[in-house]
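User: Please pick one part of this model and take a close look at it for me. I'd like the answer as one connected account, with the cut-offs spelled out.

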Amino acid sequence: PGVVDAVPVSKPFKLVGREFHPEPTVVRVGDVDIGAGAFTVMAGPCSVESEAQLMETAEAVLAAGARMLRGGAFKPRTSPYSFRGLGEEGLKLLARARERYGLPVVTEVMNIEDVGLVSEYADMLQIGARNMQNYGLLEMAGRTGRPVLLKRGLSSTIEEWLLAAEYILSQGNNDVVLCERGIRTYETYTRFTLDISAVPLARELSHLPVVVDPSQATGRWSLVAPMAAAALAAEADGLIVEVHPHPEHALSDGAQSLTPKNFAAMMARLRTLAEPLGRRI
Ligand code: PEP
Ligand code: MN
């Protein structure tokens, strides 16, 4: 009686938030530190398609300065008739590429029953945008102890995204990297709309590192390098970028994939921009 209003003073994401954990978290994946100040670039094909495609891409992205290799073996596709990935064969190829080029591997796990299998091969588990609110999958990924890359859901608010990360941390796993990958808006010239303001905001609200995926966000390769530069300027902790030796023949996301040459040009430009911005690639 007599209470007009109650104002909560603390955030709902207790473990993910800065309130009780003010210092930034550094997530170590293999020998790579994400969130320690440097701008960490993960790159590779949307999907692992063949040994030749993966090795050619891995060699090129390593030479251009990527520190981690991406590649999907289990692909969430809008149509069930599209290429859905090589499955375990793709995971084996990723492990072979890691052996050959020394790049830690990040790859998506789509189903709870595949978490064990994927964590046998991957250095970091990717939870895709479409699974951001698959709470059983989040908890299962949390229990593996593997670092997790958590994509923002297609239509998720920042609070929903941080609460999804909370599910992983609640299992005792603090090694989560948040990934802004664009959200659904009314715009159709781009595939999604990159919410660049989410980057400094998520870093303000949370101690977890935040990276940007300019490939899924735009759906157009010509926009990837400009959005990567925006991510660098917005204090993102890194990028995850799609690269394919022959984008016109890619089995998924060719239109947003950089050629190795364009990827190298983007990295050179980021290096030039990094210095005046006080960043390190
Ligand atoms: C991807 O990285 O290829 C992908 C499918 O990402 P998202 O879950 O962000 O759409
Ligand atoms: Mn993709």
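The bridge partner of M42 in β4 is M68. Happy to walk you through it, starting with the ground rules. This is a predicted model, in which local features need pLDDT of at least 70 and side-chain atom pairs count only at pLDDT 80 or more, while totals for chains, interfaces and linings use all residues. Residues are numbered from 1 along each chain as its sequence is written, chains are lettered from A and ligands numbered from 1 in the order written, and side-chain values use heavy atoms, without hydrogens and water.

β3 covers residues 40-44; strands here are DSSP runs of E with at least two residues, and helices are runs of H or I with at least four, both numbered from the N terminus. β3 pairs with β4 (residues 68-70) in the parallel sense over two bridges, where pairing requires at least two DSSP bridges between the strands. Going from β3 through α1 to β4, the chain makes a right-handed β-α-β crossover, meaning that the path over the helix runs clockwise when the strands point away from the viewer.

β3 also runs parallel to β10, joined by five bridges. There, T40 has G238 as its bridge partner. G238 is the β10 partner of V211 as well, and β9 (residues 210-212) pairs with β10 in the parallel sense over two bridges.

Zooming out, eight strands close into a barrel with parallel pairing, in the order β3-β4-β5-β6-β7-β8-β9-β10. On average, neighbouring strands of this sheet are turned by 25° against each other, direction ignored.

How do the side chains of β3 sit? T40, M42 and G44 point one way, V41 and A43 the other, and all are buried, that is, under 20% relative accessible area with a 1.4 Å probe and protein chains only (exposed is over 50%, partly exposed in between). With five of its five residues buried, β3 is therefore largely enclosed by the rest of the structure.

Now for the metal. The manganese ion (ligand 2) has C46 (SG), E242 (OE) and D253 (OD) as protein donors at 2.0 to 2.5 Å; donors are N, O and S atoms within 2.8 Å of the metal (3.2 Å for Na, K and Ca), and sites may look incomplete since water is not among the atoms. C46 lies in the loop between β3 and α1 (51-64), and D253 in the loop between β10 (238-242) and α9 (260-277), so this pair ties together parts 207 residues apart in sequence. C46 and D253 are both buried.

Notes: Axes are lines fitted to C-alpha atoms, for helices over the stretch in contact, and angles run from 0 to 180 degrees between N-to-C directions.
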